Amino acid sequence: MIIGSRGAGKSRLAKRLSAITGLPAVHLDRLYWDKEGESLSITAFDKLLAEEIAKENWIIDGNYIRALGNMLDRSDTVIFLDYSRFACVCGVFARTLLGGGYEANVAEGYTGRLDFAFVKSVWRTAEKNRERYYAMLKDVKDTDVVILKNRRECRKFLAGLKK
């Protein structure tokens with residue numbers, strides 16, 4: 001399970017881990033958003049998520065705080081991308097403006113949006129979510145927790161898995 005703020009690179013990491021391990025990557029944004037950018041109902045999303053986490057093996061990425069408890073119960077490893085707000089905002093710009101892969105983790109046909117309100121939201125929620133994630137992870141038992149503080153640490157982590 002990969003958690004972190006929007007723009008941290010959760011989906012990109014999930015794809016890379018999937019390529020290394022052979023485990024399927026499940027992107028919560030793909031479950032939650034349709035191709036018009038409309039969200040599913042909570043009931044429909046929960047049903048899709050339950051189907052995915054019931055499977056034997058997976059790598060799930062997303063920051064849907066409400067859903068993390070269910071995923072955590074079935075996870076053997078949690079990777080927390082605890083990046084700075086600045087790094088996350090830069091990640092949002094990179095994926096949107098440079099084609100950094102946003103289209104790969106949302107419903108087919110939806111291209112996403114980049115506007116001031118979205119960027120402001122990323123900036124404001126990064127700190128709040130960080131506190132929530134640490135509070136959630138402090139009580140985790142029988143689950144490996146990996147905290148990566150920046151993209152360099154993430155690259156080193158991936159390089160270590162490839163050996």
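These questions and answers cover cysteines, a surface patch and aromatic rings in a predicted model.

Author: Local features need pLDDT of at least 70 and side-chain atom pairs count only at pLDDT 80 or more, while totals for chains, interfaces and linings use all residues. Residues are numbered from 1 along each chain as its sequence is written, and side-chain values use heavy atoms, with hydrogens and water left out.

Reader: Why is C154 called buried, and what is C90 called?

Author: Buried means under 20% relative accessible area, exposed over 50%, and partly exposed in between (1.4 Å probe, protein chains only). C154 has 10%, so C154 is buried. C90 has 35%, so C90 is partly exposed.

Reader: What makes L98 exposed, and where is L98 found?

Author: The relative accessible area of L98 is 70%, over the 50% limit, so L98 counts as exposed. L98 is found in the loop between helix 5 (85-97) and helix 6 (116-137).

Reader: Which residues form one aromatic cluster?

Author: Y32, W33, F45 and Y64 do. Rings of Phe, Tyr and Trp (its six-membered ring) pair if their centres lie within 6.5 Å; planes under 30 degrees apart count as stacked, over 60 as edge-to-face and the rest as tilted. The structure holds 6 aromatic pairs.

How values were computed:
Helix = DSSP H or I, 4+ residues; strand = E, 2+ residues; numbered from the N terminus.
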